[in-house]
Amino acid sequence: MRSAEPVVIVGAAMAGLRTAEQLRTGGWDGPIIVIGDEPHLPYNRPPLSKEALSLSAERPIGEWHDTVAFRLRPSVSDVHWRLGRTVVAADLTARTVKLDDGEALGWSGLAVASGLRPRRLPADWPTQGRVALRTLDDAIALRAGLRPGVRVVIVGAGFIGCEVAASARRLGCEVTVVEPLDAPLVRGLGNEVGTAVRRYHERSGIRFRMGRGVVGLASEGERVAGVRLDDGEELPADLVLEAIGAVPNVEWLEGNGLDLGDGVLCDASLRVEGRSGVVAAGDVARYPNARYAIGAQRIEHWSNPTDTAKRAASTLLADIDGAPPTSTPFAPLPSFWSDQGDLRLQSFGSTCIADAATVVDGRLDPLDDGAVVEYTLGSELVGVLLINQPPKTFRAHRARVDAAYLSIDGRNPR
Ligand SMILES: Cc1cc2nc3c(=O)[nH]c(=O)nc-3n(C[C@H](O)[C@H](O)[C@H](O)COP(=O)(O)OP(=O)(O)OC[C@H]3O[C@@H](n4cnc5c(N)ncnc54)[C@H](O)[C@@H]3O)c2cc1C
């Protein structure tokens with residue numbers, strides 16, 4: 001299948017790479033151009049908050065990249081990578097994208113894979129000594145500051161906040177985590193598990209300030225010296241990690257009449273709503289999962305770029321061909337893992353839509369002894385969390401969640 005115009009993919013990270021691979025798998029032998037504003041070929045982000053932080057910051061960036069880079073399969077060896085280039089605008093009617101150097105590129109198909117960037121504390125607060133973590137360059141900058149005895153304040157007790165807290169503590173830092181909610185990871189895993197995670201980290205010396213907000217930063221010159229909390233406490237800080245969530249990179253799509261309210265709204269085939277030949281994949285895509293009657297959602301987990309790229313590429317090729325997309329409902333089973341010190345959390349299904357969590361094996365205290373927690377919505381099993389469980393058990397738990405969820409209305413959506 002070939003067209004004079006290329007398929008253009010915006011975002012040269014996991015979703016961009018997987019989309020390119022799936023286009024080739026689906027039979028597209030025309031040109032593929034992947035445009036990415038980072039200077040690197042696609043790499044894996046999860047190690048950046050975990051094992052990569054044990055690398056020396058002095059290592060050359062190429063060596064850092066080698067440790068996390070995705071393998072480029074032969075099928076994508078002829079992809080044109082335009083790295084260090086930002087797409088600043090798209091015209092979905094004229095079928096063009098415009099780059100930051102003024103160049104305009106035409107396309108027969110467009111894949112939106114532009115992902116997320118970290119949400120930040122106010123820009124007019126002191127800037128030196130503040131870091132966020134999304135990219136390889138961010139990780140190297142963070143690592144440079146993680147020296148023994150350094151006072152690190154982490155704002156946000158989500159997955160990235162907790163993972164970095166554990167990594168920083170192992171490097172000998174004094175770590176305090178500030179979070180406005182009652183427990184770490186509470187949105188995804190609930191209060192009971194979140195509290196157990198907090199207790200686990202406290203045993204290694206990490207301090208928590210739960211139910212507290214950050215109202216300002218103290219400084220010496222431009223350099224951060226402390227974090228001011230809403231109860232009047234000031235935490236001394238040499239380094240502040242802002243781990244307060246992420247924002248979809250969608251500004252380049254403005255002006256096309258799209259719903260960009262939270263990522264880019266897609267239909268059930270990953271086609272950007274109402275736009276033939278335009279699809280989205282990865283963290284930036286907001287789409288309905290036939291498994292959940294809760295409307296379109298974005299997912300920010302590692303399994304998502306692969307799941308969505310497969311369907312997005314298939315839809316894109318059908319659109320280019322003038323054929324209808326596959327009618328098989330799109331119903332991927334979400335999953336994620338998180339490594340925090342000696343804790344390995346592995347989840348299948350959607351724990352965040354549950355209304356109850358029950359420990360069915362092991363116990364939450366001490367958490368590193370291991371446990372299995374089932375998440376239910378009404379009487380239905382919707383997710384399972386495995387804490388320090390052997391990988392050989394994963395398949396059976398995954399299958400149970402998969403099968404159990406499909407029984408909700410007695411219908412298999414696949
Ligand atoms: C530190 C960290 C740790 C994580 N750990 C885990 C984990 O343990 N388990 C788990 O399940 N998930 C984890 N995740 C989540 C997982 O890595 C993401 O879901 C995945 O990387 C998303 O990939 P993506 O390609 O959709 O988006 P992104 O990785 O955000 O990639 C989008 C790319 O597009 C580029 N871009 C944006 N706008 C433009 C533009 N206009 N022009 C050109 N390029 C553009 C961006 O710079 C970026 O390179 C982690 C994420 C991070 C950041």
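Q: What does buried mean here?
A: Buried means under 20% relative accessible area, exposed means over 50%, and partly exposed is in between, using a 1.4 Å probe and protein chains only. This is a predicted model, where local features need pLDDT of at least 70, side-chain atom pairs count only at pLDDT 80 or more, and totals for chains, interfaces and linings use all residues. Residues are numbered from 1 along each chain as its sequence is written, and side-chain values use heavy atoms, with hydrogens and water left out.

Q: OK, C162 then. Is C162 buried or exposed?
A: C162 is buried, because its relative accessibility is 0%.

Q: And where does C162 lie?
A: C162 is part of helix α4. Helices (H or I, at least four residues) and strands (E, at least two) are DSSP runs, numbered from the N terminus.

Q: Which residues does C162 touch?
A: Leaving out residues up to four places away in sequence, C162 touches A157, P184, L185, H201 and Q340. Touching, or contact, means heavy atoms within 4.5 Å.

Q: How many residues apart along the chain are C162 and I206?
A: They are 44 residues apart along the chain, and their C-alpha atoms are separated by 9.8 Å.

Q: Switching to helix α3. Which of its residues are buried?
A: In α3, which covers residues 136–145, the buried ones are L136, A139, I140, L142, R143 and G145.

Q: What does the domain assignment give for the protein?
A: Domain 1 is 7–117 + 247–321, domain 2 is 120–244 and domain 3 is 342–406. Those bounds come from an automatic or database domain assignment.

Q: What separates the centres of domain 2 and domain 3?
A: Taken over C-alpha atoms, the centres are 27 Å apart. Where these domains meet, 12 residues of domain 2 are in contact with 14 residues of domain 3.

Q: What area do domain 2 and domain 3 bury between them?
A: About 1100 Å², with 59% of it on carbon and sulfur atoms. That buried area is the accessible area (1.4 Å probe) that two parts lose on being put together, summed over both.

Q: Which three residues supply 42% of the area that domain 2 buries against domain 3?
A: L189, V193 and Y200, and that is more than any other three residues supply.

Q: How many salt bridges does the rule find across that interface of domain 2 and domain 3?
A: Three. A salt bridge is a side-chain nitrogen of Lys or Arg within 4 Å of a carboxyl oxygen of Asp or Glu. R199 and D365 form a salt bridge, and their closest N and O atoms are 3.6 Å apart.

Q: Which helices each supply at least two residues of the side of domain 2 that touches domain 3?
A: α5 (186–189) and α6 (191–203). The largest share, seven residues, comes from α6.

Q: What does that side of domain 2 have by class?
A: It has six nonpolar, one polar and five charged residues. Ala, Val, Leu, Ile, Met, Phe, Trp, Tyr, Cys and Pro count as nonpolar, Asp, Glu, Lys and Arg as charged, and the others, Gly among them, as polar.

Q: Back to D365. What is the peptide bond from D365 to P366, cis or trans?
A: That bond is cis, with omega near 0 degrees. P366 is in the loop between β24 (356–362) and β25 (371–377).

Q: New topic: R286. Is R286 buried or exposed?
A: R286 counts as buried, because its relative accessibility is 13%. This residue is in strand β20.

Q: What joins the side chains of R286 and D259?
A: A polar contact of 2.8 Å. A polar contact is a pair of N or O atoms within 3.5 Å; within protein, one must be able to donate a hydrogen and the other to accept it, and residues adjacent in sequence count only if both atoms are side-chain atoms.

Q: Last one: where does N289 lie?
A: N289 is in the loop between β20 (285–287) and β21 (297–298), and this residue is buried, with a relative accessible area of 9%. A polar atom of the N289 side chain lies 2.9 Å from the backbone oxygen of P332.
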